[in-house]
Amino acid sequence: MIEWVVEEVFAKYNYWISIVLMLTGFYAMIAKGNLMKKIIGLNIFQTAIILFFISLGDVYIGGWGGGVTEPIVKGVLPWGSGHVVEEGVVYANPLPHVLMLTAIVVGAATTAVALALVIRIYQEYGTIEEDEVIEKEQGV
Amino acid sequence: MIVPLDLIALFFLVVIAIAAITVRDLLAAIVLLSAYSFVIATVWVEMHAVDVGFTEAAVGAGATTAFMIATLARTKREEKR
């Protein structure tokens with residue numbers, strides 16, 4: 001039982017912290033009435049998912065720095081003139097990095113569109129509180 | 001990853017996230033979100049994802065914060081209740 005807790009909870013703490021951040025952002029999106037707070041929650045939710053994927057790509061062998069290095073080829077590429085990539089070097093998996101790089105840029109664009117909608121809602125209703133917007137909508 | 005640095009940075013991350021959604025002043029919330037982006041950029045560099053790290057520092061901590069402050073200049077600063 002204790003071994004199970006150590007292996008599944010403490011050794012994989014990155015995933016648990018990612019879930020905590022995810023639920024923090026989700027709470028802000030659901031429970032907060034202010035539209036800016038909802039967008040801040042959206043950003044936190046998004047970074048939590050990116051943290052999950054980057055954690056999937058990382059490797060830990062042991063020691064300071066985890067025994068692995070950045071996925072950057074040092075020296076000449078294997079199809080270059082006669083040199084070989086260093087033997088025995090472990091890289092973090094670069095595939096999740098590339099996917100999450102795209103996700104960050106798309107997330108910034110999504111945030112910009114959401115902020116434009118907030119400005120439009122403020123021009124129309126004079127408030128950015130969700131319940132006041134609904135009140136005015138029903139009053140009209 | 002570098003485990004002690006990772007643990008400290010992730011702890012700060014959770015604290016800053018909760019502070020950012022709790023604080024009443026929206027400008028303070030936006031600045032806290034910018035700090036959050038910067039800490040998570042540090043986490044990514046330390047997890048050997050350097051490309052993601054500097055993209056987050058430029059786009060997340062820079063551009064998104066500028067957009068949000070520009071929005072706040074056109075709307076209200078205080079949150080109700």
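**View 1. A:Thr111 counts as buried, at 1% relative accessibility.** Buried here means under 20% relative accessible area, with exposed over 50% and partly exposed in between (1.4 Å probe, protein chains only). Please keep in mind that this is a predicted model, in which local features need pLDDT of at least 70, side-chain atom pairs count only at pLDDT 80 or more, and totals for chains, interfaces and linings use all residues. Residues are numbered from 1 along each chain as its sequence is written, chains are lettered from A and ligands numbered from 1 in the order in which they are written, and side-chain values use heavy atoms, with hydrogens and water left out.

**View 2. The surroundings of A:Thr111 include residues of chain B.** A:Thr111 sits in helix α4 (residues 94-125) of chain A; helices are DSSP runs (H or I, at least four residues) and strands likewise (E, at least two), numbered from the N terminus. A polar atom of the A:Thr111 side chain lies 2.8 Å from the backbone oxygen of A:Gly107. Leaving aside residues up to four places away in sequence, A:Thr111 touches A:Ile39 and A:Asn43, along with B:Thr64 and B:Met68 (contact: heavy atoms within 4.5 Å).

**View 3. Chain B meets chain A through 45 residues of chain B and 51 residues of chain A.** Together the two chains bury about 4200 Å², 73% of it on carbon and sulfur atoms; this is the accessible area (1.4 Å probe) that two parts lose on being put together, summed over both. Look for B:Met1, B:Ile21 and B:His48, which supply 17% of the area that chain B buries against chain A, more than any other three residues.

**View 4. B:Glu79 forms a salt bridge with A:Lys37.** The closest N and O atoms of this pair are 2.9 Å apart, and the count between chain B and chain A is 1 salt bridge (a side-chain nitrogen of Lys or Arg within 4 Å of a carboxyl oxygen of Asp or Glu). On the side of chain B that touches chain A, the elements giving two or more residues are α1 (3-22), α2 (26-46) and α3 (50-74) of chain B. The residues of that side divide into 30 nonpolar, 6 polar and 9 charged; Ala, Val, Leu, Ile, Met, Phe, Trp, Tyr, Cys and Pro count as nonpolar, Asp, Glu, Lys and Arg as charged, and the others, Gly among them, as polar.

**View 5. Chain A has 5 helices and 0 strands.** Buried residues make up 34% of the 140 residues in chain A. For the model overall, the scores are ipTM 0.93 and pTM 0.88.

Definitions and conventions: Polar contact = N/O pair within 3.5 Å; in protein donor to acceptor, adjacent residues only side chain to side chain.
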